[in-house]
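Thanks for asking me to take a look at this one. Please have the sequence and the model open side by side as you read my comments.

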Amino acid sequence: MGNEFIIINIRRYLQQGEEGEQLLELAINKIKELQYMAGGMVIFLESENNDKLLHFYECENGFKRFDVKEVKSGTEKEHTLIQLLKVM
């Protein structure tokens, strides 16, 4: 992995309303600090294929879709993850 930053597991906080937005803002601000110290220009995240989540990431926070991933593990049913990125 190079100078990419990955944000994970914000979905559960988005269900609680404003806390999700505050958490994402906090994560992005921390990444900006790290970017300044270590370099890096891109933030990656994966989202469930959920209209509310995708609207939050794309329309409200400037992320762009770049790929789709089908996921299935031993105990989970197959589901789709939307991969997004944001150039800083």
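My notes follow as numbered points, from the overall fold to single residues.

1. A word on the basis first: residues are numbered from 1 along each chain as its sequence is written, and side-chain values use heavy atoms, with hydrogens and water left out. This is a predicted model, in which local features need pLDDT of at least 70, side-chain atom pairs count only at pLDDT 80 or more, and totals for chains, interfaces and linings use all residues.

2. The protein chain has three helices and four strands, arranged along the sequence as β-α-α-β-α-β-β. Helices (H or I, at least four residues) and strands (E, at least two) are DSSP runs, numbered from the N terminus.

3. Of the 88 residues, 27% count as buried; buried means under 20% relative accessible area, exposed over 50%, and partly exposed in between (1.4 Å probe, protein chains only). Among contacts with a separation of 6 or more, 55% are between residues 24 or more positions apart, a contact being heavy atoms within 4.5 Å.

4. Three salt bridges are found, each a side-chain nitrogen of Lys or Arg within 4 Å of a carboxyl oxygen of Asp or Glu. Glu33 pairs with Lys30, with the closest N and O atoms 3.5 Å apart; both lie in helix 2, three residues apart, about one turn of the helix. In the pair of Glu58 and Arg65 the closest N and O atoms are 2.8 Å apart.

5. Do look at Glu46, whose salt bridge with Lys69 has its closest N and O atoms 2.8 Å apart. Glu46 lies in strand 2 (residues 42-48) and Lys69 in strand 3 (residues 64-71), so this pair ties together parts that are 23 residues apart in sequence. Glu46 is partly exposed at 37% relative accessible area, and Lys69 is partly exposed at 34%.

6. Glu46 has another partner: a polar contact of 2.9 Å joins its side chain to that of Gln83. (A polar contact is a pair of N or O atoms within 3.5 Å; within protein, one must be able to donate a hydrogen and the other to accept it, and residues adjacent in sequence count only if both atoms are side-chain atoms.) Gln83 lies in strand 4 (residues 79-87) and counts as buried because its relative accessible area is 13%. Leaving aside neighbours within four places in sequence, Gln83 also has contacts that include Leu45, Phe66 and Lys69.

7. What is the relative accessibility of Met37? Met37, in helix 2 (residues 18-38), comes to 63%, so Met37 counts as exposed.
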